[in-house]
Amino acid sequence: MRCLVTGGAGFIGSLTAERLLERGDEVIVLDDLSTGHREVVPTGATLIEASVGDQAAVRALLADLAPDACIHFAGLIAAGESMSEPGRYFEANVGESLALLEELIRAGVDQVVFSSSAAVYGEPLGTPMSEDHQTIPTSVYGATKLQVEHALEWMSRQGALRYAALRYFNAAGGSEGHREDHAVETHLIPLALSALAGQRPALQIFGTDYPTPDGTCIRDYIHVEDLAAAHLAALDHLAAGGASLVANLGTGHGYSVREVLSAIETVVGRPVPAEEAPRRPGDPAELVASSARAHEVLGWTPTRSSLGDIIADAWQAFSA
Ligand code: UFG
């Protein structure tokens, strides 16, 4: 199979591109390198340096390279930032995605795997959350992901394409040559590791009075290797003629901020310098996925997502 991977210079996209190449697929990476890194695009992939919204560039690459399917990772990912720059987020995540989808359909590329997010749900009514949970996003970021899901759903209903929208919970971990490396870092594990390495001030624990056993927020952390495997399974599902699908990607098990910090101390052997801080606005107390659907439909089961494995692999990639 020949697969177009947008955002293939990012954390999850580059690892997925590498795993596709390893199993013998051909990979075309489309990335404007605005947040991605050229050096993580795997050897063997063809890199087209353009934005997904550049319809002339996309049209030319589709005509020249004729991919069979597309995994669309590219986009802006910071929920907090999206609240102060809504226009930029709608343009990048919705406007550019629609431009890409239009070109894919025009070229007859009718299988699309889309990076969606647990952020589409908004405030959880309970845990674990299934795909049928109401979708009332509390961030612009979540709203942009939901709008693209809606567009895909309508395109699919009209028979223009089939898609898998994968709603990631907390992407984490790392792999050789692949670590979370965002210019503006907001994620717990990379921030904790860099505080531990003395590259940042003490980690702030955002809120210690949540209605959880230790008072800190609970999240469902999923290893980037397991995310990559889910994308390959979703591609195979579509290639085999499978129906369009929306699926959560998580483990069904949540860990609190304090549990993450103590797992880091166990793995690294030193405590993370940390201080208690007020709640971060918009953080729900607990977000845990039901991934039954991904298991049933895609045959996907996480294998690297114990907290210990996630931290060990994130630390190894961080310190490499
Ligand atoms: N946290 C801290 N201190 C920090 C950073 C984070 O205590 O310095 C806490 C947060 O309050 C939260 C937990 O660690 O309870 C995880 O925070 P992250 O920022 O790593 O991740 P989020 O759960 O906020 O965000 C993730 C994805 C988003 C997505 C969101 C909703 O990264 O893209 O889930 O599903 F929008």
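Student: Which element gives the largest share of the shell around the ligand?
Tutor: Strand β8 does, with four residues; a strand is a DSSP run of E, at least two residues, and a helix a run of H or I, at least four, numbered from the N terminus. This is a predicted model, in which local features need pLDDT of at least 70 and side-chain atom pairs pLDDT 80 or more, while totals for chains, interfaces and linings use all residues. Residues are numbered from 1 along each chain as its sequence is written, and side-chain values use heavy atoms, without hydrogens or water.

Student: How many residues surround the ligand, and which are the closest?
Tutor: There are 21, and the closest are His187, Gln204, Arg219, Arg280 and Asp283. A residue is near a molecule if one of its heavy atoms lies within 4 Å of it.

Student: How much of the ligand does the protein bury?
Tutor: The protein buries 90% of the 690 Å² that the ligand exposes when taken alone; areas come from the Shrake-Rupley method with a 1.4 Å probe.

Student: Which strands form the open sheet, and in what order?
Tutor: The order is β12-β9-β14, with mixed pairing. Strands β12 (255–256) and β14 (286–287) are the edges, since each pairs on one side only.

Student: Why are β9 and β14 called paired?
Tutor: Pairing needs at least two DSSP bridges, and β9 (residues 218–219) and β14 have two, in the parallel sense, so they pair. Ile218 stands opposite Glu286 in β14.
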